[in-house]
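Subject: Structure for your review

Dear colleague,

Please find below the structure that I am handing over to you. My notes on it follow directly after.

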Amino acid sequence: MSKKILVTGGTGYIGSHTTVELLKSGYQVVAIDNLSNSKIEVLDGIKKIVGTAPEFHNVDLADKLATALFFDKQPNFDAIIHFAAYKAVGESVANPLMYYENNLSSLVNVLTAMAKHKIKNIVFSSSCTVYGQPDTLPVTELSPLKKADSPYGNTKQIAEDIIADSVRAFDIKAIALRYFNPIGAHASAQIGELPNGTPNNLVPFITQTAIGIRQELSVFGKDYNTEDGTAIRDYIHVCDLADAHIAAVNRLTENKTKHNFEIFNIGTGKGNSVLDIIKTFEQVNHLKLNYKIVDRRAGDIEKVWADTTFANQELGWTSNRTLEESLKSAWDWEKHLDT
Ligand code: UD1
């Protein structure tokens, strides 16, 4: 019988791409989401790609009672992938309690259900934001964590602590994946990133500018200590990120973990500047982007990219897709949204 996986935030950006890869790998998937930052139509996109959609439930995981009721009815999961969370850095600064309440109470409610129903495995969405500006690059999993710059980042650090304490207390194994910068969309252009309002992140802002929804992209800062003066990140194709979740679920459910709580960097190992991204986007998609240089954005770090050796060796996973593929798929998805 195929293994049954619960994907929280299943209609979200990374959740939907991971659901596709899980279904394609033969897993039975139950997706839950409160649709606060995603649309139910995402399920149609998944169905077009895989031929089948996951079982879906609209559940708000921050609602203790609703979460307990959901798990009481359906307690048998081989693993949970917990994506559901708010993720806008600026919004978290303006409204910190909303972030602590939503991101942390949902995790606590999920872990409570795991302990009660003896669900053994969880994969958690963490972020490279926990490293802040690392002292040395590339950044490994053993690098010290820096005090978080935003309540959003802090929820990821606290969540990792909550998980560490829970695996000590209960019969639970966990893998936290620290994502670098996910970009792009499924090659079919049936699913992708659906930003709510004005995008905060670089690539959706680029694609919306290229299609004419935004007039101009602002490049935040050209006085960083980098080759071209713009900030550097490790941009990873969202489908490569999805594949990392399959590797993590396999490792947990096949009892291959070496510790009850393992943490992996999920990036490409390569850094690209904001101008690199703009130039590559223009080249692969044969267009010109309207952009201007403005001041640095508050809270941004200068440069970060991953040392992925540990993930490559232990998870048996590597990122395969190129930056060109990522930026082409992002543009194909934006054009799909426009039709
Ligand atoms: C941020 C968070 C990350 C989080 C992610 C998800 C930090 C340090 N990073 O990533 O943890 O998972 O958001 O939302 O908290 N840029 C522009 N113009 C724009 C937009 C962005 O120049 O209009 C630049 C930024 O200054 C940055 C790069 O593009 O150098 C990437 O920005 P973005 O896509 O927002 O991601 P991060 O800030 O790296």
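In these notes, two residues are in contact, or touch, when they have heavy atoms within 4.5 Å of each other. Please bear in mind that this is a predicted model.

Not counting residues up to four places away in sequence, Lys87 touches Tyr13, Asn37, Tyr99, Tyr152 and Glu193. Lys87 is found in the loop between β4 (79-82) and α4 (89-94). With a relative accessible area of 42%, Lys87 is partly exposed.

The next topic is the packing of helix α1. Helix α1 (residues 13-24) packs with helix α8 (residues 238-253) at an angle of about 60°, and the two axes are 8 Å apart. This angle makes α1 oblique to α8. The crossing of these two helices, α1 and α8, is right-handed. On the α1 side, the contact is made by Tyr13, Ile14, His17, Thr18, Glu21 and Leu22. On the α8 side, Val238, Cys239, Leu241, Ala242, Asp243, His245 and Ile246 take part. Sorted by class, the contact of α1 with α8 has 8 nonpolar, 3 polar and 2 charged residues.

The crossing of α1 and α2 is right-handed. In this contact, Ser16, Thr19, Val20, Leu23 and Lys24 of α1 meet Val42, Ile46, Ile49 and Val50 of α2. The residues of the contact of α1 with α2 divide into 6 nonpolar, 2 polar and 1 charged.

A further pair of helices is α9 and α11. Helix α9 (residues 274-285) and helix α11 (residues 323-338) pack at an angle of about 70°, with their axes 9 Å apart. The helices α9 and α11 are therefore roughly perpendicular to each other. In passing α11, α9 makes a right-handed crossing. From α9, the contact involves Ile277, Thr280, Phe281, Val284 and Asn285. From α11, it involves Leu323, Glu324, Leu327, Lys328 and Trp331. By class, the contact of α9 with α11 has 6 nonpolar, 2 polar and 2 charged residues.

Ala330 also lies in helix α11. Ala330 is buried, with a relative accessible area of 6%. Leaving aside its neighbours within four places in sequence, Ala330 is in contact with Gly184, Ala185, Val203 and Thr207. The C-alpha atoms of Ala330 and Phe281 are separated by 9.2 Å, although these residues are 49 residues apart along the chain.

Lastly, I turn to the cysteines. How many disulfides does a search of the whole structure find? The search finds 0 disulfides. Cys128 is in no disulfide, and the nearest cysteine sulfur, that of Cys239, is 19 Å away. Cys239 is likewise in no disulfide, its nearest cysteine sulfur being that of Cys128. A disulfide would require a pair of cysteine sulfur atoms within 2.5 Å. Cys128 is buried, with a relative accessible area of 9%. Cys239 is buried as well, with a relative accessible area of 4%.

Yours sincerely,
A colleague

Notes:
Residues are numbered from 1 along each chain as its sequence is written. This is a predicted model: local features need pLDDT of at least 70, side-chain atom pairs count only at pLDDT 80 or more; totals for chains, interfaces and linings use all residues. Side-chain values use heavy atoms; hydrogens and water are left out. Axes are lines fitted to C-alpha atoms, for helices over the stretch in contact, and angles run from 0 to 180 degrees between N-to-C directions. Helices (H or I, at least four residues) and strands (E, at least two) are DSSP runs, numbered from the N terminus. Angles under 35 degrees count as roughly parallel, over 145 as roughly antiparallel, 65 to 115 as roughly perpendicular and the rest as oblique. A crossing is left-handed if the near helix is turned anticlockwise from the far one by less than a right angle, and right-handed if clockwise. Ala, Val, Leu, Ile, Met, Phe, Trp, Tyr, Cys and Pro count as nonpolar, Asp, Glu, Lys and Arg as charged, and the others, Gly among them, as polar. Buried means under 20% relative accessible area, exposed over 50%, partly exposed in between (1.4 Å probe, protein chains only).
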